[in-house]
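Work through the exercises below with the model open. Try each task before you read its solution.

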Amino acid sequence: MDRKLKEAIASKLMLLATVFSSLLIFAVVIGLIQKSRPILATHSLSELLLSSSWFPLRGEFGFYPFIIGTIWVTVLAMLFSLPLCLLTSIYLAEYAPAKIRAFIKPLIDLLAGIPSVVYGLWGILIVVPLIKDYVAPFFGYSATGYCLLAGGIVLAIMVFPIIIAVSEEVFRAVPHEIREVSLALGATKWQTVKHVALRAALPGVIAAIVLGFSRAFGETMAVMMVVGNVARVPSSVFEPAYPLTALIANNYGEMMSVPLYDSALLLSALILLLVILFFSIAARIVLLRIERRVM
Amino acid sequence: MPKFKPHIRVKNLNLFYEGHHALKDITVDIPEKEITAIIGPSGCGKTTLLKSLNRLIDLVDGIEISGEVIVDGEDIYSTKVDVTYIRKKIGMLGQKPYPLPMSIYDNVAYGPRIHGMRKKKELDGIVEHYLEVAGLWDEVKDRLKSPASMLSAGQQQRLCLARSLAVEPEIILGDEPTSALDPISSKRIEEVFIALKKDYTIVIVTHILRQAVRLADYVIFLYMGDVIEQGPAKEIFENPKEERTKAYIGGEIS
Ligand SMILES: Nc1ncnc2c1ncn2[C@@H]1O[C@H](COP(=O)(O)OP(=O)(O)OP(=O)(O)O)[C@@H](O)[C@H]1O
Ligand SMILES: [Mg+2]
């Protein structure tokens, strides 16, 4: 066949695939908006988002506790994982001898492949009892262990591999020569890492963190297993919470006889999606600005 | 024995890259406050020798090194020596300009800052002074805060030179510092080097014989890891003693 023709077909095909996949996101958003209409028609958005009374049988759908639950679990997970992930990836990329790296890298990649349910079980068997018997009493709380803290810990461990893998790659992509420049000026290794490598890697590291955040936000199974699932605004990390994802997964298809229930759940899915979109866009903007400033 | 005051004395330096004998029993003296050119064909060990002079070679995994490099009477490979101190004293300019990912100002201020200087006023003075010395001040004085990567390659290389000078080294090493530049930028760098030699000991590696002729006071000819000949530039270029030096200068080996 003519080379030019092949070229034309290939590029058209790729364009088509690209258009199709970008249309998907619109299709999903439009579908969700369509389905959430009934509830939006009968309830004001501020009531849905800010009210704490969740009584579907009475027609009251306040998502506030679920939104707070989602945010808290995510924030806790990031608080636990960020410092550890950053230090680990810096160690692996900058300090670890080749042998240690070759040993640890696959282990971390392996963590990424473990199914969510397994993390959930591990949370129930280890994290929950630990919190119930030691951590909560230590801080003067009595708790079942099925709580925000457990959700945050399990989630933190689940986002580990992504953030570490991506940010380690980012660090290794920083040209060796600019480290040499810094060392040749008499900087110590740590000064070089802090002022040069970290700085050059910053946009990529932020991308890694956002990736982690998006996963944390949307992760359902493991969190649902340990977080307690009580529709109430938690007042401490030892209290149960009920993230949006868990709400959807627990109830969709079950409670469909209750009027407006499915519409309410799809609205919460829409909220989740919009928040994640918002995060990614915000991250892009931050990234662009940083790149313009330092690169 | 040399008739000049050596600033760097390399004695029986041997270096192996995982079995490959890259520097073979090198013994050379490098004169103070003059320009020394290291010449020789590709792969003969010029970069390796240069990086041995400020211990940047330490960064390469799996090397084996023996011998002495004595600077100001002190062996820089002695275990008592602080390597950051050595590198502060012996600056380096690379083959390609590598600006740090920060502003023009911060690039020059980087060295002084990591060595503990905090005062804004003094830093301003240092930045201006060394950008002047490197012949870049007039071109950048109005945009010190913009990213260094926005400069042209030639400007970047002068920035890198200013950055090296800002830590106040005594010795400047340059590894083919003009090879990535256009002729005009190369010429400017050469002029700066000539102006610098009254205060600094300069060692440059170069592929370009004519550049060595233009710049060098002293020449070291390396061939496959051996020093074949060393001496004042005039002698080496006009009256080389060794056959291989003659062949290299005559353009028969490259
Ligand atoms: N990191 C390394 N590992 C193994 N061998 C190396 C390494 N660096 C250099 N060599 C080898 O050591 C020898 C000297 O290399 P070097 O870079 O010092 O040569 P050079 O004279 O600077 O060459 P060029 O003019 O091409 O820059 C070469 O044979 C090279 O292949
Ligand atoms: Mg070289």
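**Exercise 1.** State whether B:R55 is buried or exposed.

Solution. B:R55 has a relative accessible area of 14%. Buried means under 20%, exposed over 50%, and partly exposed in between, with a 1.4 Å probe and protein chains only. B:R55 is therefore buried. Next, look at its backbone. B:R55 is not a glycine, yet its phi is positive, about 60 degrees. Now place it. B:R55 sits in the loop between α1 (46–52) and β4 (63–71) of chain B. Helices (H or I, at least four residues) and strands (E, at least two) are DSSP runs, numbered from the N terminus.

**A note on the model.** This is a predicted model, in which local features need pLDDT of at least 70, side-chain atom pairs count only at pLDDT 80 or more, and totals for chains, interfaces and linings use all residues. Residues are numbered from 1 along each chain as its sequence is written, chains are lettered from A and ligands numbered from 1 in the order in which they are written, and side-chain values use heavy atoms, leaving out hydrogens and water.

**Exercise 2.** Describe the fold and overall form of chain B.

Solution. Start with the elements: chain B has 10 helices and 10 strands. Its radius of gyration is 18 Å, close to the 18 Å that the globule rule gives for 254 residues, so chain B is as compact as a globular protein of that length. The radius is taken over C-alpha atoms, and the rule is 2.2 Å times the number of residues to the power 0.38. Then take the box: the C-alpha atoms fill roughly 55 × 40 × 35 Å along the principal axes. Finally, 54% of the 254 residues in chain B are buried.

**Exercise 3.** Work out how chain A and chain B meet.

Solution. Count the partners: the contact (heavy atoms within 4.5 Å) takes 21 residues from chain A and 23 residues from chain B. Next, the area. The two chains bury about 1,900 Å² between them, 66% of it on carbon and sulfur atoms. Buried area is the accessible area (1.4 Å probe) that two parts lose on being put together, summed over both. A:E180, A:A184 and A:L185 supply 30% of what chain A buries against chain B, more than any other three residues.

**Exercise 4.** Decide how enclosed helix α7 of chain A is.

Solution. The helix covers residues 176–184. Seven of its nine residues are buried, so α7 is largely enclosed by the rest of the structure. Among the buried ones are A:I178, A:E180 and A:A184. After α7(A) comes A:G186, with a positive phi near 95 degrees.
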